[in-house]
Amino acid sequence: MKLDPDLQSIQEVRNYLQEAKTAQKQLETMSQQQIDAIVEAMAQVAEKEAERLGMLAVEETGFGNPADKAAKNRFVAADVYEAIKDMPTVGIIRKDEQLKVWEIAQPVGIVAAIIPSTNPTSTVLFKCMISIKSRNAIVISPHPSALRCSREAARLMQQAAQDAGAPAGIIHCLTQPTLEASAELMKHKLTDVILATGGTAMVKAAYSSGKPAYGVGPGNVPVYIHSSADISKAVRQILQSKTFDYGTICASEQALVVDQAIKPQLIQELKQQGAYFLNEQDKQNIESILMIGKGLNPKVVGRSPSVIAGMVGISIPTEARVLIAEETAVGPAHPFSMEKLSPLLALYTVSDWREGCRRCIELLELGGLGHTLGIHCEDDTVIEAFGLEKPASRIVVNAGTTFGGIGATTGIMPSLTLGCGSFGNNITSDNIGPQHLLNIKRLAFGIREMPPSVPSEADTALTIDRAVESVQARTKLGISREEVMQLVKSVLAEMQLH
């Protein structure tokens with residue numbers, strides 16, 4: 001009897017998890033030196049195959065462009081690898097000699113990895129590397145529209161790891177990524193932790209699975225441009241960031257919030273550097289195709305400005321890098337105020353930084369709580385106010401938010417999985433790395449004696465009063481003095497007063 005596709009996909013999940021469990025037990029016995037050699041080999045293959053994988057991703061999904069897809073793959077091979085290569089993840093990883101506490105790293109076991117269609121190869125490379133670095137097995141559930149390129153990235157990682165000494169079956173990628181398969185993977189008893197990168201529904205499913213999960217919320221990133229900003233530099237960084245892979249990274253800018261005092265200079269600079277401003281009719285035309293129901297139209301995601309403009313019959317210059325529409329409102333009825341994952345930007349005008357604060361919070365609350373915020377400013381007081389007040393886990397200062405958020409141009413942990421903290425209903429606000437896939441055990445030596453309990457004066461007085469009351473009550477029964485003394489001694493002994 002031939003199984004239905006959904007049943008076949010569920011059985012595949014179960015088979016892969018069993019193989020992954022066996023492989024993980026072998027990987028767990030390896031030394032730090034052996035693990036590091038395996039991860040290094042994986043990084044080298046990721047670097048070597050970055051361009052080909054980038055091409056495969058664009059060919060299959062239609063999102064982004066090959067050069068930037070390759071750059072994301074190289075970011076994993078170089079930046080992420082550099083950040084994790086010397087990280088201790090085996091055995092005793094830290095000793096506090098003063099407090100006499102030793103920390104021991106132990107892998108969580110099997111990682112279930114949910115992969116998005118917007119960054120299919122780079123996310124596979126990234127999750128494989130951090131999983132193996134922490135001595136975990138990984139089973140990958142790719143997006144159906146990016147199956148071929150995701151499987152190829154996983155195959156390369158498995159082969160590189162195995163050639164360097166890792167056991168067979170330490171990395172798996174589903175061949176039939178159905179909803180039933182993803183649900184089975186996330187809820188199966190052999191799955192130990194979930195790394196979910198994808199749409200809101202998928203991340204919510206991960207958190208509802210009953211398993212520990214690291215999810216990633218949407219990133220409706222506002223960028224405030226203060227009157228003190230270096231406008232030319234800010235525009236250069238914003239456009240480089242927003243146009244990278246046609247806006248498919250969730251940390252990319254979605255709205256510019258500019259002080260009225262510098263708005264004319266900003267618009268002039270944006271136009272000089274390749275931004276095209278939509279008139280009201282053009283804006284409405286693009287708004288008509290931006291959303292499908294309550295979600296973003298996938299036909300717009302990761303497309304070039306000319307392709308998006310062509311979808312509604314707008315003629316734009318060939319050199320246009322980004323399309324900008326002025327906006328005054330925030331909400332579902334105003335599509336430009338939402339996450340667009342494409343080279344489209346909203347432009348808001350505010351009177352000062354306090355109004356800019358309120359507008360940025362509105363935009364984050366619409367769909368980007370806890371993710372990322374950008375600010376271009378030379379006034380430390382304003383920068384501090386933005387850092388203190390905003391519900392964002394990454395506040396990127398004087399840098400493009402795409403590169404700043406993932407740690408390419410800032411000092412935060414290089415990562416392609418960005419937690420949104422409790423703001424975005426996530427378990428962490430960190431950039432995810434191998435450290436999040438470890439159980440840390442602690443050997444804690446005794447360093448002091450626990451002092452004996454000594455009753456306070458108030459407690460002693462209260463106890464004596466109770467003893468006297470007890471004796472008085474009993475003397476009414478007509479007992480002798482000797483018997484009273486005996487009773488007192490008995491009561492005090494019971495209350496441990498000697």
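Start by selecting D245, which is buried, with a relative accessible area of 0% (buried means under 20%, exposed over 50%, partly exposed in between, with a 1.4 Å probe and protein chains only). This is a predicted model, in which local features need pLDDT of at least 70, side-chain atom pairs count only at pLDDT 80 or more, and totals for chains, interfaces and linings use all residues. Residues are numbered from 1 along each chain as its sequence is written, and side-chain values use heavy atoms, with hydrogens and water left out.

K69 and D245 form a salt bridge, with 2.5 Å between the closest N and O atoms (a side-chain nitrogen of Lys or Arg within 4 Å of a carboxyl oxygen of Asp or Glu). The two residues are 176 apart in the chain: K69 sits in helix 4 (residues 66-84), D245 in the loop between helix 9 (231-243) and strand 9 (253-259). Helices (H or I, at least four residues) and strands (E, at least two) are DSSP runs numbered from the N terminus.

Next, select E103 and R94. Their salt bridge has its closest N and O atoms 2.0 Å apart. E103 is buried at 14% relative accessibility, while R94 is partly exposed at 46%.

Move to helix 6 (residues 147-163), where E152 and R155 lie 3 residues apart, about one turn of the helix. Between E152 and R155 the closest N and O atoms are 2.8 Å apart. E152 is buried at 16%; R155 is partly exposed at 45%.

To continue, display the salt bridges of the whole structure, which holds 15.
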